Amino acid sequence: MEKRIRILVAKPGLDGHDRGAKVVARALRDAGFEVIYTGLRQTPEQIIEASLSEDVNVVALSLLSGAHNTLFPKIVAMLKEKGMNDVLVIGGGVIPDADIPFLKENGVSEVFTPGTPTANIIDFIKAKVK
Amino acid sequence: MANESLKAKVAAYTEKVEKSLVKNPERKNLAHNRLYTPLDIEGFDYESELGIPGEYPFTRGVQPTMYRGRFWTMRMYAGFSTAEESNKRYRYLIESGATGLSCAFDLPTQIGYDSDHAMSEGEVGKVGVAIDSLADMEILFDQIDLGKVSTSMTINAPASVLLAMYIAVAEKQGVTPDKLNGTIQNDVLKEYAARGTYIFPPKPSMRLITNIFEYCSKNVANWNTISISGYHIREAGSTASQEIAFTIADGIAYVEAAIKAGMDVDDFAGRLSFFWNAHNNVLEEVAKFRASRRVWAKVMRERFKAQKPKSWMLRVHTQTAGSMLTAQQPENNIVRVALQTAAAVLGGTQSLHTNSKDEALALPTEDSVRVALRTQQIVAYESGLADVVDPLGGSYYIEALTDKIEAEAWEYIKKIDEIGGAVVAIEQGYIQREIQESAYKWQMEVENKQRIIVGVNQFQIQEKPVEGLLRVDASVGEFQRKKLVDLRARRDNAAVEKALAALEAACKDEHINLMPLILDAVKTYATLGEICGVMRKVFGEYQAPATL
């Protein structure tokens with residue numbers, strides 16, 4: 001049987017807004033992916049640890065507090081340090097357009113902002129992870 | 001007999017309409033009936049269901065004349081960056097005609113971490129103002145007379161500490177605690193269920209909350225000691241009925257905890273307040289407000305046997321629905337907020353925050369906040385909506401919908417009672433799952449275009465990135481860290497240690513009210529992180545159940 005794509009949906013930082021993360025997690029699960037949701041307030045270290053132990057293909061970060069420019073690049077860098085170079089990192093939340101080029105330069109493959117249909121995220125993952 | 005004639009007429013109408021549907025179908029997924037007539041409120045008893053404004057069961061409002069004397073409090077939620085910056089915004093809001101303050105704190109403050117804690121990285125000053133100690137609080141309210149302004153603070157797990165800081169600042173201004181007006185959110189149950197800024201497990205959290213009830217009833221008598229919040233439950237995706245049901249279930253848990261701690265219900269119930277969301281469906285929201293007042297009045301009078309009419313009143317602050325703002329075509333949000341404002345006012349709110357058009361993208365700029373405040377002022381002064389008490393009362397639709405929402409709320413409350421109350425229902429993840437279910441349903445309806453959101457899934461345009469958004473300077477964290485180093489060097493550290501040790505000892509004895517000890521610690525300039533650190537040590541931290 002073909003191995004299913006494994007996705008960690010993670011909430012870094014102190015932000016408690018998890019409506020989006022949970023809706024996305026469920027939509028990804030309904031689309032046939034294996035989904036692990038971390039819960040709130042995850043440090044970068046905890047996210048790396050979970051990515052390693054769960055052997056995921058995708059890390060989907062959700063943050064609505066404005067700390068994305070600090071935390072997203074840090075998580076990408078730490079994943080690379082641990083040798084997880086082929087893990088696809090995507091992000092979502094209240095993220096101004098002006099910040100997206102910076103995040104992409106720092107290894108976040110795509111940023112999904114409010115109003116994005118979950119189907120777009122599913123299609124993106126299917127296209128990127130083979 | 002008149003009803004028989006009406007029944008026949010309505011039946012004939014329905015038959016005629018149903019036949020025409022083949023040719024002229026109605027829109028799909030309409031939530032309510034086509035038409036409401038006296039048949040939909042059969043058995044309606046004006047006196048018991050609506051009554052007189054300002055009297056039990058308060059369906060028509062908690063005040064006899066509602067807005068004919070004074071409008072609701074126009075209270076704009078604000079705060080970002082440092083105390084210095086936020087103080088400027090508060091003074092700007094007061095000069096612009098805001099009639100109350102509402103403080104937004106950053107996440108480290110809300111979760112009891114100082115700005116220099118590792119967990120605070122990237123978060124300092126982002127979603128609200130960073131408060132590390134009494135020194136910051138003094139700056140935050142500089143040149144604002146705490147004897148005159150009423151201040152609402154969105155603070156939950158560390159509510160006792162921020163309230164103590166507020167009392168201490170007031171004392172320095174020469175204002176005694178009995179003269180203070182305001183609200184602390186202090187609603188930890190909805191943090192577990194929907195908002196996420198919890199610290200301690202339920203038991204010590206409930207103790208802190210009842211300690212505040214008791215302390216304020218004796219010392220800060222005009223303070224609203226809690227704002228039992230449905231707002232965030234709705235933002236997390238619940239329906240209107242779930243919003244009021246889960247929140248009133250939380251309210252029941254707080255009342256039970258306070259009674260269990262030995263308080264008389266009438267000594268604290270009059271200071272309990274609520275917080276509703278003003279969502280998109282205007283008339284459903286109006287019915288929700290009315291239903292919520294009726295449910296709470298019954299809970300307090302019948303279940304808890306409160307004697308004072310004030311104890312039966314559901315007084316409410318409202319905020320327009322942040323989750324309904326769109327990042328697409330943000331100007332459209334001004335219209336959404338205006339409609340939501342109409343809903344809150346027709347529903348009879350006591351105070352209101354209106355969101356700004358740019359809040360799906362960032363914190364609002366001064367200009368967009370002004371439009372949001374002006375929206376309230378236009379509804380107040382120009383629309384006529386505020387001129388008559390409960391103007392929609394008696395509408396067949398509104399009354400039927402009010403009854404329906406009330407019935408749905410009772411059903412949920414009964415279910416939660418059976419589970420063992422709100423605390424157990426949250427610990428088991430029941431409330432979280434119900435909310436998630438509704439949130440997912442909503443999202444799927446949007447994606448399937450069963451629900452149209454203008455500019456999002458219909459009427460889209462090619463848009464340029466929005467410019468001129470407010471940005472919080474990344475140097476805020478560094479600025480706060482420096483202030484902390486400076487503070488720790490100049491305060492009397494022996495006094496700090498002594499106050500923290502006394503607090504730690506008191507935390508271990510559940511019969512001691514912690515408020516006086518927290519106030520003592522705050523006055524020594526012990527930091528928020530130090531005070532919460534002591535409580536973390538004794539109380540431990542809440543571990544959320546997995547509910548996905």
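The legends below describe several close-up views of a predicted model. Residues are numbered from 1 along each chain as its sequence is written, with chains lettered from A and ligands numbered from 1 in the order in which they are written.

**View 1. The parallel sheet of chain B.** Nine strands of chain B form an open sheet in the order E5-E4-E3-E2-E1-E9-E8-E7-E6, with parallel pairing; helices (H or I, at least four residues) and strands (E, at least two) are DSSP runs numbered from the N terminus, and two strands pair if DSSP finds at least two bridges between them. Strand E5 (223–224) and strand E6 (226–229) of chain B each have a single partner strand and stand at the edges, so one side of each is left without a neighbour in the sheet.

View 2. Strand E2 (residues 100–103) and strand E3 (residues 150–153) of chain B run parallel and are joined by three bridges, with B:Leu101 partnered by B:Thr151 of E3(B) and B:Ser102 standing opposite B:Ser152. E3(B) also pairs in the parallel sense with strand E4 (residues 181–184) of chain B, over four bridges, and here the bridge partner of B:Ser152 is B:Thr183.

**View 3. Helix H2 of chain A.** In helix H2 (residues 44–54) of chain A, the residues A:Pro44, A:Ile47, A:Ile48 and A:Ser51 are buried, where buried denotes 20 or more other C-beta atoms within 10 Å of a residue's own, exposed 12 or fewer, and partly exposed anything in between, with C-beta atoms placed from the backbone. Seen down the axis of H2(A), these buried residues fall within an arc of 100 degrees, so they line one face of the helix; the arc is that of the directions from the helix axis to the C-beta atoms. On the other side of H2(A), A:Glu45 and A:Ser53 are exposed. The cover over the buried residues includes strand E1 (6–10), strand E3 (58–62) and helix H3 (68–81) of chain A, and H2(A) is followed by A:Asp55, whose phi is positive, near 50 degrees.

**View 4. Helix H22 of chain B and its surroundings.** Helix H22 (residues 528–539) of chain B reaches 16 Å from its first C-alpha to its last, close to the 16 Å expected for its twelve residues, the expected span being 1.5 Å times one less than the number of residues. Its buried residues, among them B:Leu528, B:Ile531 and B:Met535, pack against helices H4 (107–110), H6 (159–173), H20 (493–507) and H21 (515–523) of chain B. B:Ile531 is touched by B:Ile518, contact meaning C-beta atoms, placed from the backbone, within 7 Å. After H22(B) comes B:Gly540, with a positive phi near 80 degrees.

**View 5. The side of chain B that touches chain A.** Contacts between the chains involve 32 residues of chain B and 28 residues of chain A. Helices H4 and H18 (430–447) of chain B each supply at least two residues to the side of chain B that touches chain A, and H18(B) provides the largest share, five residues.

Key. This is a predicted model: local features need pLDDT of at least 70, side-chain atom pairs count only at pLDDT 80 or more; totals for chains, interfaces and linings use all residues. Two residues are in contact if their C-beta atoms, placed from the backbone, lie within 7 Å. Lists of a residue's contacts leave out its neighbours within four places in sequence.
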